[in-house]
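I opened this notebook to record what I looked up in the structure. The entries follow the order of my reading.

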Amino acid sequence: MRMILCAAAFLGVLQAAAPSFYKDVLPVLQNHCQECHRKGEIAPMPLVTYEQTRPWAKSIREAVLLKKMPPWFADQANSHFANNRALSQKQIEILTNWADQGAPAGNRADAPAPRAFIDGWRMGQPDQVIEMAQEFHIPATGDVKYQYIPVAMNFTEDKWIEAAEVRPGNRSAVHHILVYVREPGSDFVKGPPPESILETAPPDHSHAPPADSTGILEVGGPAGAAMMTLYVPGGEYLRLEPGQAMLIKKGSDLIFQIHYTTSGQPKVDRSKIGLRFAKQPPASRVVFLGLTNRTMRIAPGAANYLVTCETTLPEAVRLISILPHMHVRGKAFELRAVYPDGRTEVLLNVPRYDFNWQLNYYLDKPRLLPKGTRLENSSWFDNSPNNPQNPNPAVEVFWGEQTWEEMDTAFLSLELPPSLTPEKLVELAAPKVTRSAIPESTNPAQ
Ligand code: HEC
């Protein structure tokens with residue numbers, strides 16, 4: 001009898017502690033999941049109502065326990081990011097306990113107000129929307145070459161941009177979009193388009209890096225065109241603080257570099273970008289620079305190949321965000337600042353890099369990097385057969401923009417003092433690269 005009473009009391013406690021959908025689970029979904037798990041966004045199913053969420057209770061449990069969801073890869077021990085979407089231990093327990101205890105609805109009256117999303121634009125209403133002039137037709141099969149599509153802006157005066165969001169026209173066909181600014185006078189993407197949109201030969205693995213290639217702090221992408229923003233699954237739109245903005249010179253055009261994927265059916269895409277302009281010229285100019293080592297040669301089969309690159313800042317700048325960019329052999333990433341007083345700070349540590357999620361990590365507030373600060377970028381690659389995403393472990397891998405090549409780029413958004421242009425910064429920074437100095441090395445975070 002006493003046993004039964006005890007058991008009943010214990011069950012009572014359990015019941016009291018059982019989280020309910022409306023009271024406990026929904027607030028977590030609203031703040032950490034619905035940005036992607038709602039109609040029209042990238043996740044395969046909405047997690048907005050009880051009816052939509054209930055069938056997924058067990059997979060939600062798995063996904064949050066394994067930290068597959070929400071996608072966020074920065075080491076939590078040293079997390080200081082404004083857009084941190086990781087769940088706290090308590091939030092993980094709410095979701096797992098709810099699933100374990102039959103995923104009850106609870107009382108609808110406990111539900112928080114629905115989170116308001118502006119349909120289509122995460123940045124809020126843009127001042128101007130610019131679309132590709134024509135639809136692009138994606139064939140049913142084959143590997144489509146990266147497309148470089150000019151998108152005219154027709155600005156007759158210089159413009160300052162404080163927010164930009166690029167939206168694919170057809171999410172099921174667009175893998176990513178990088179947006180470059182082509183300034184007047186540049187001949188980037190001015191030649192005739194390639195005859196075929198498809199990759200004709202299997203990817204050529206045999207080329208070595210060009211003789212003059214160096215590791216560099218670079219203003220941008222191909223032909224010196226500066227990158228403005230990008231669309232990647234789970235990525236952020238470009239969002240700057242008041243007083244910060246990006247300069248788009250009059251007469252510039254945008255180039256959309258689009259990676260289309262085929263799916264067995266022909267598809268059509270017309271992607272676009274939304275822009276918000278600063279109301280007045282900002283106190284400081286924001287630029288997007290890449291710190292990268294183009295001399296990399298990743299040995300065949302190497303499971304933990306380290307590529308490093310460093311640069312010393314010739315002037316004080318503020319660091320706004322860090323976007324580590326590697327391809328399918330990317331394994332781990334770290335960016336450190338070594339300050340003039342000798343102190344070292346890990347700015348971002350990604351112990352488990354995942355090519356499918358190209359996240360931009362925004363610092364909680366822009367970090368002042370004084371003149372003389374050394375930035376050190378370490379990227380680890382897995383070119384072994386144990387990497388399930390590796391297309392070919394038998395080849396040596398060089399720097400290149402295609403996914404079967406590799407990149408080790410830390411894309412940094414930096415706030416420059418008015419006296420400094422990005423070109424001047426790059427010229428003065430005198431970056432130094434180490435050509436695979438330590439071929440096999442262990443990520444300190446692992
Ligand atoms: C940045 C966008 C994004 C956020 C935020 C996000 N998800 Fe997802 N989720 C996705 C996408 C895309 C997929 C499908 C592709 C995949 O599984 O990687 C997915 C898949 C899933 C799946 C299916 C996994 C499977 O194994 O099939 C579950 C469950 C899930 N998400 C739960 C959540 C929960 C719970 C949250 C919040 C705590 C969350 N997601 C936050 C984008 C997101």
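**Overall architecture**

I counted 6 helices and 23 strands in the protein; helices (H or I, at least four residues) and strands (E, at least two) are DSSP runs numbered from the N terminus. I note that this is a predicted model, in which local features need pLDDT of at least 70, side-chain atom pairs count only at pLDDT 80 or more, and totals for chains, interfaces and linings use all residues. Residues are numbered from 1 along each chain as its sequence is written, and side-chain values use heavy atoms, with hydrogens and water left out.

I then looked up burial: of the 446 residues, 51% are buried, meaning under 20% relative accessible area (1.4 Å probe, protein chains only).

**Serine 378**

I located serine 378 in strand β20, which spans residues 374-381. Serine 378 counts as buried because its relative accessibility is 4%. Leaving aside residues up to four places away in sequence, serine 378 touches Leu306, Val307, Thr308, Ala332, Phe333, Glu334 and Arg336; contact means heavy atoms within 4.5 Å. With arginine 336, serine 378 makes a side-chain to side-chain polar contact at 3.1 Å (a pair of N or O atoms within 3.5 Å; within protein, one must be able to donate a hydrogen and the other to accept it, and residues adjacent in sequence count only if both atoms are side-chain atoms).

**Ligand site**

I found 18 residues around the ligand, the closest being Cys33, Cys36, His37, Pro44 and Met69; each has a heavy atom within 4 Å of it. A polar side-chain atom of histidine 37 lies 2.7 Å from a ligand nitrogen atom.

How values were computed
Buried means under 20% relative accessible area, exposed over 50%, partly exposed in between (1.4 Å probe, protein chains only).
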